[in-house]
Amino acid sequence: MHRQITAVLGPTNTGKTHYAIDRMLARNSGVIGLPLRLLAREVYDKIVAIRGPSVVALITGEERIVPPRTRFWVCTVEAMPVSIGADFVAIDEIQLCGDPERGHIFTDRLLHARGTHETLFMGASTMRDVIRDLVPEADIVTRDRLSELTYAGSKKISRMPARSAVVGFSVDNLYGMAELIKRQKGGAAVVMGVLSPRTRNAQVEMYQNGDVDYLVATDAIGMGLNLDINHVAFSATAKFDGRRMRELFPHEMGQIAGRAGRHMNHGTFGVTGEAPLLEDGLADAICNHRFAPLKKLEWRNSKLEFGTVDHLMRSLERQPDDPRLSRARDADDLIALRTLSGDDLIRSRLNNPHDVRLLWDVCCVPDFRGISPGEHAGLLNTIFTYLKEGPLPEAWLARQIKRLDRSDGDIDAISKRLSFIRTWTYVSQRKNWTKDENHWRGATRAVEDRLSDALHNALTQRFVDRRTSVLLRRLKQKESLVADVNENGEVTVEGQFAGRLEGFRFTLDKSAEGDEAKTLKTAAYQALAPEFSLRSDRFYNAPDTEIDFTEQGGLMWGEYAVGKLVKGDEALKPRVQAFVDDEAGSDVAEKVTRRLQHFIDRKVANLFEPMLAMSRDEALTGIARGFAFRLMEGLGIVPRDQVAMEVKDLDQDARGLLRKHGVRFGQFTIFMPLLLKPAPTRLRLVLWALSEDHAEFAESPPPGLVTIPSVKDVAAGYHNICGYRQAGDRAIRIDMLERLADMLRGEDSRGGFEANADMLSITGMTLVQFADLMRGLGYKAEEGEREKVKAVAADAPAVAETDAPASEETVVEAASEAEAAPVETTETPAEETGPEMETFFTFTWARQQRQNNRQGGNRRNEGGNNDRRKQGAKGKPGGKPGRKGGNDHKPKAWASKPAKKEKPIDPDNPFAAALMGLKDK
């Protein structure tokens, strides 16, 4: 029978593997050996898609799928059956015959694996001469690369193009690169030889479907993996080959770099990180696929002798007869055999060739754990001891598996457990090593799958920012992004949290940094464009009840800040500044600004309507109109002492016109009572702060309080703008102050008087607080003590305190309405400690005379004051200068003072002007 042997040689991306699959499916049966389990799984899935799973088998060291009617076998090179008489046999990546660790397996397949009709070897052109020498009957076919490969020099990660693979040769190096790519590019898939096939498949799929645009890998990607890579970057050019650190051979670098470019797409390669630039000669050799041919292949005798363990070791150590073959260095299986054969107990159990064969099969269990040769040999010793007696004990095997069935921990912990379970997955695949092979294969496979999934999730969580990767992919595809804003203002773009939309300003998620933040921001604004437009329409049509201003001048739409007030040309005409991101567009910003200006204009018009109506009254002319202007400058409140001359110049007709608009002429303040309500007061304080260019706005006092504590460290005029007059440690509301002034008008301010219950009631103060208030108003408060007189009397009606000031001007009373009813007293025996005492205050006017009366008044009363101080009663100050008999006044009970008859008006009294006007009226 004619056996066709063909060697298809050439660089990467020449379609050699695809050609081999087509040739195998053209036969009735076939076996294809591949260098990696991952590649074997890829080819298996491809053939199953064409022929169905019932005729395709998959055999690797850790996975075995063999249907009853298998015709096509997809295997790793180590696991492929070589004596089943298949029509077709193919070996991929045949240049691995020169690999120090696995080369002897590939060399054995080159020399001995044959199909009954066709044999195919695929690999690099470096194998041309050695194949011609060792397999002279083989036809050699050369295939050219489908695309060009060029050297791109060094590139930083930040400038790495999409669909790039960064190649490294240590875990630390790979993890460092992956984390850097995550920060700058959104993430990377990780492919390493130590990963389980399931984990590597998941990582590769993540890269292939575009979840990430970058791949971090070892040289495993150079072993026939078909990935869509446009650029390969070496982060290192040296690796540990199991014995020592060495520089990569040119053909090894060419094999890896050749993965860039798929089909007709050109590819590039270069270096990154700390890797040195490639020499020109090396770069040119890689680009043109010119490498030194392999002269020697790794070889180990495959004709083993199992008579005794010594015979077995001698057969493994045999030297090749052909000079083109070089005996392979001692592999892990031979090292383990030497170790176990040196154990006398093990040797005593080797009674026949079957026992020796069993020992060798046990020594072939790969050292997935990679702890140490001694640890590995110890495990193999245990396995062989159990197998010598029969199948592995199920209880013992169950314990080994159970302790690994945990998916918690970090990447290193999960990887360690995964490498351990792979050992038991391999053991369960061996025939007759367990009682129930199907059960243990399923059990170990289930644990490995769970750990593989956990490792994939851990790798993804650590090295992939799914949010950024998803958004980058959608941006690259130039597709419309979908944004969603929930009731809390949280923005999600394509299901990924991006930040918060507060009003018309987007705040990026604080966890995003660097390039990730740029990508997230770009995607968010692109997706939010329709939302900005819809939201501006809703805001423009929103009622004024949904919009408000803050005491700091902010403008709120519900809970969102949408702008602020700024100083305008006039105090009552503030302007607005909208808070709208530039990315929202000028149309949105203009619409929001226009709506905010409408709101504040209407708010001013509504709350200051009486004052604005006064400004529009054409009946106000001359001095009256000028006074109205002064009142508007004061935003409805003007201290009387600041406009004393203007008030004096107003005739009764002018005052009447102003009173029609609600202006009240008080003894201390000229004001409009309607503007003392909480809402106008709150806005007035903001407008005042804007017009005065305050950096910080003071808060308005709580509504409804008659007196408030004096606020320290505020701008001058604060209390007046709030509708209060500062007096001592507290400030009193100006309308209530005028009511108090009405009460004080009938008191003897020269001879002295005491506060009555009505005075304390309208101020809501204690006697001590009232005394401090009176001092602040210009009175002198003299404190004294006396025996307390207990009285039984009907409760006097208290003056009700209201939140809003009176709407009409209080009529000035000249005296009390009637003399209080007599009070019946009941004397009680004094206690042994003495009579009960009470504190009282006597109030007298204490301010200096007006400036125009000071000179004569001071000279006239200079002696009288001294005399009266000497003659003053106990606890009583002298009367006010200029009044006779001031010291003759005696304190009386609050409720028993009779109404006074009309008396001359004291020109020094602060209320003289008002009293004169009433008297004339």
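**Q95 and its surroundings**

Modeller: Leaving aside neighbours within four places in sequence, Q95 is in contact with M122, G123, A124, T126, M127, Q255 and L294. Contact means heavy atoms within 4.5 Å. This is a predicted model: local features need pLDDT of at least 70, side-chain atom pairs count only at pLDDT 80 or more, and totals for chains, interfaces and linings use all residues. Residues are numbered from 1 along each chain as its sequence is written, and side-chain values use heavy atoms, with hydrogens and water left out.

Biologist: Why is Q95 called buried?

Modeller: Its relative accessible area is 10%. Buried means under 20%, exposed over 50%, partly exposed in between (1.4 Å probe, protein chains only). So Q95 is buried.

Biologist: What makes the Q95 and E93 side chains a polar contact?

Modeller: The distance is 2.5 Å. The rule asks for a pair of N or O atoms within 3.5 Å; within protein, one must be able to donate a hydrogen and the other to accept it, and residues adjacent in sequence count only if both atoms are side-chain atoms. So the Q95–E93 pair qualifies.

Biologist: What makes strand 2 (residues 30-34) and strand 5 (residues 72-76) a pair?

Modeller: Two strands (E runs of at least two residues in DSSP) pair if DSSP finds at least two bridges between them. Here 5 bridges join them, and they run parallel. So they pair. G33 has C75 of strand 5 as its bridge partner.

Conventions:
Helices (H or I, at least four residues) and strands (E, at least two) are DSSP runs, numbered from the N terminus.
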